[in-house]
Amino acid sequence: MGLSVTISAADAQDAEHILKLQYLCYQSEAELYGDWSIEPLTQSLDALRAELAEGHGLVARLGDEVVASVRARLDEDGTVRIAKLIVHPRMQRHGLGGRLLDGIERHFAAAAEQLPAPAAKRFQLFTGHRSEGNLRLYRSKGYAQVATRELGPRLTLVTLEKAAA
């Protein structure tokens with residue numbers, strides 16, 4: 001009998017596991033863009049813990065192992081900024097990324113129903129222009145490109161957004 005993947009809120013105790021997974025997952029992005037100085041590969045454990053404290057994170061577990069994660073925070077203007085959606089390479093293409101996106105959107109929609117939390121008006125995320133798998137996932141979940149920003153000769157960030165329901 002196989003183990004099923006469970007999704008739950010991330011907490012400070014998950015931070016070290018998330019950071020290790022983040023480092024593993026962003027290796028392919030660093031290679032794709034020829035840049036190993038990208039922020040997910042240089043982020044400190046303290047900075048990750050601060051992100052979790054300032055916003056909301058989810059983790060997916062296979063048994064006790066953290067195999068996927070996402071973080072987000074709600075800005076004062078009603079934009080939920082989703083960041084660092086990661087799935088262990090051996091677990092990719094099984095719907096976990098989509099489940100995490102759905103979960104983070106549900107969390108902020110539910111939080112908006114609990115006054116005095118500000119309402120989420122839109123969800124926003126970004127990825128690199130060559131990250132076809134990421135772009136395909138985000139578009140399949142209703143996100144549309146709203147901006148691009150060239151960060152250098154090898155990387156253009158693509159910002160995608162969708163309205164909150």
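Start by selecting strand 6 and strand 7 (residues 156-163): they pair in the antiparallel sense over 6 bridges. Strands here are DSSP runs (E, at least two residues), as helices are (H or I, at least four), numbered from the N terminus, and two strands pair if DSSP finds at least two bridges between them. Within this pair, find Thr 148, which stands opposite Val 158 in strand 7.

A word on the model: it is predicted, so local features need pLDDT of at least 70 and side-chain atom pairs count only at 80 or more, while totals for chains, interfaces and linings use all residues. Residues are numbered from 1 along each chain as its sequence is written, and side-chain values use heavy atoms, with hydrogens and water left out.

Next, select strand 2 (residues 56-62). Of its 7 residues, 6 are buried, so the rest of the structure largely encloses this strand; buried means under 20% relative accessible area, exposed over 50% and partly exposed in between (1.4 Å probe, protein chains only). Strand 2 runs antiparallel to strand 1 (residues 5-9), joined by 5 bridges, and Ala 9 has Leu 58 as its bridge partner. On to strand 3 (residues 65-74): 7 bridges join it to strand 2, again antiparallel. These two form a hairpin with 2 residues between them, and Gly 63 in the turn has a positive phi of about 65°.

Move to His 88, in the loop between strand 4 (79-87) and helix 5 (96-112). Is His 88 buried or exposed? His 88 is buried, at a relative accessible area of 14%. Leaving aside neighbours within four places in sequence, its contacts (heavy atoms within 4.5 Å) include Leu 21, Glu 65 and Val 67.

Finally, select helix 1 (residues 15-25) and helix 4 (residues 45-54). They pack at about 115°, with axes 10 Å apart; axes are lines fitted to C-alpha atoms, for helices over the stretch in contact, and angles run from 0 to 180 degrees between N-to-C directions. The two helices are therefore roughly perpendicular (under 35 degrees is roughly parallel, over 145 roughly antiparallel, 65 to 115 roughly perpendicular, the rest oblique). Among the residues that meet here are Leu 19 of helix 1 and Leu 48 of helix 4.
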